[in-house]
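Here are a few notes to read alongside the model.

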Amino acid sequence: MTLEELNNRMLKCKKCKLHKTRINIVCGSGKNEADIMFIGEAPGKNEDEAGLPFIGTAGKILDELLLSIGVKRSDVYIANVVKCRPPKNRDPLPEEVDSCREWLDLQVEIIKPKMIVLLGRHSMARFLPNRKISIDHGKPKRLEGQVYYPVYHPAATVYRKQVLEDLKKDFLKIPKILEKIDEVN
Ligand code: URA
C-alpha cells in the first residue's frame with residue numbers, strides 16, 4: 001500500500017466518535033520515505049481546520065527546532081497518534097488511541113523511518129509505555145528494530161523555560177543519533 005492509498009482509507013474513518021466533531025482528518029504530511037518521523041499527540045483547532053499537522057503555536061516551535069538542526073519539513077514526516085481533534089483539545093481517550101492504532105502502525109510500516117521522534121508523553125506512551133518523559137526525554141531507544149527518541153512536546157515549552165532548553169538540547173542531538181543509528185540499542 002502507498003501512503004496515498006492509506007490516506008484515502010483513513011479519510012473515510014469512522015472508528016471512534018471523534019469523526020462526529022472533526023472538520024478534517026489530519027493524516028500527516030511530509031516526505032513519503034523520510035528518515036525521521038515526528039509523532040505528536042492529536043490535532044488542535046488550527047490543524048482540524050486546515051487538515052495539516054502542527055501548524056499552530058506548537059507547529060511554530062517545531063519549525064524553529066527543525067531550523068536549528070537544518071532540517072526542512074519537506075524532508076521529514078509529521079503525524080499524530082490520533083488523527084482527529086479531541087473536542088476542546090482534551091487528552092485523547094484510550095479508545096481513541098486504539099481506534100487510530102492501525103493507521104499509525106501502517107504509516108510507520110510504509111514510511112520506514114530510521115528514527116521516530118516521539119513528541120510528548122502521549123506519543124511516548126503509545127510506543128514506549130511505562131516511562132516518564134521527564135526522565136526519558138533525549139534518550140534514544142531501540143525496540144524491535146525501531147529507534148524511538150522521546151522529547152518534550154513543543155506545546156509543553158510555553159511558559160516553561162527549562163523544558164524549552166531541554167527540548168532544544170534534545171533536538172540538537174538528532175543529527176548525531178541519525179548518523180550513528182546502528183549503534184542505538
Ligand atoms: N499538537 C499535536 O500534538 N499535534 C498537532 O498536530 C498540533 C498540536
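1. The ligand sits in the largest pocket. A pocket here is an open set of points on a 1 Å grid over the protein atoms alone, where a 1.4 Å probe fits, with protein on both sides within 12 Å along at least five of seven lines; a molecule sits in one if more than half of its atoms lie within 2 Å of its grid points.

2. Please keep in mind that this is a predicted model, in which local features need pLDDT of at least 70 and side-chain atom pairs pLDDT 80 or more, while totals for chains, interfaces and linings use all residues. Residues are numbered from 1 along each chain as its sequence is written, and side-chain values use heavy atoms, without hydrogens and water.

3. Which residues are around the ligand? They are Gly40, Glu41, Ala42, Glu47, Pro53, Phe54, Asn80 and His153, each with a heavy atom within 4 Å of the ligand.

4. A ligand oxygen is 2.7 Å from a polar backbone atom of Glu41. A ligand nitrogen lies 2.8 Å from a side-chain N or O atom of Asn80, and a polar side-chain atom of His153 is 2.8 Å from a ligand oxygen. Of the 240 Å² that the ligand exposes when taken alone, the protein buries 91% (Shrake-Rupley method, 1.4 Å probe).

5. Asn80 also belongs to strand S3, residues 77-80 (strands are DSSP E runs of at least two residues). Tyr77 and Ala79 on one side, and Ile78 and Asn80 on the other, are all buried, meaning under 20% relative accessible area with a 1.4 Å probe, protein chains only.

6. S3 pairs with strand S2 (residues 36-40) in the parallel sense over four bridges, and Met37 stands opposite Tyr77. Strand S1 (residues 29-30) runs antiparallel to S3, joined by two bridges, with Ser29 partnering Ile78. Pairing requires at least two DSSP bridges.

Definitions and conventions. Buried means under 20% relative accessible area, exposed over 50%, partly exposed in between (1.4 Å probe, protein chains only). A polar contact is a pair of N or O atoms within 3.5 Å; within protein, one must be able to donate a hydrogen and the other to accept it, and residues adjacent in sequence count only if both atoms are side-chain atoms. On a 1 Å grid over the protein atoms alone, a cavity is a set of points where a 1.4 Å probe fits but cannot get out, and a pocket is an open set with protein on both sides within 12 Å along at least five of seven lines; lining residues have an atom within 4 Å of a point.
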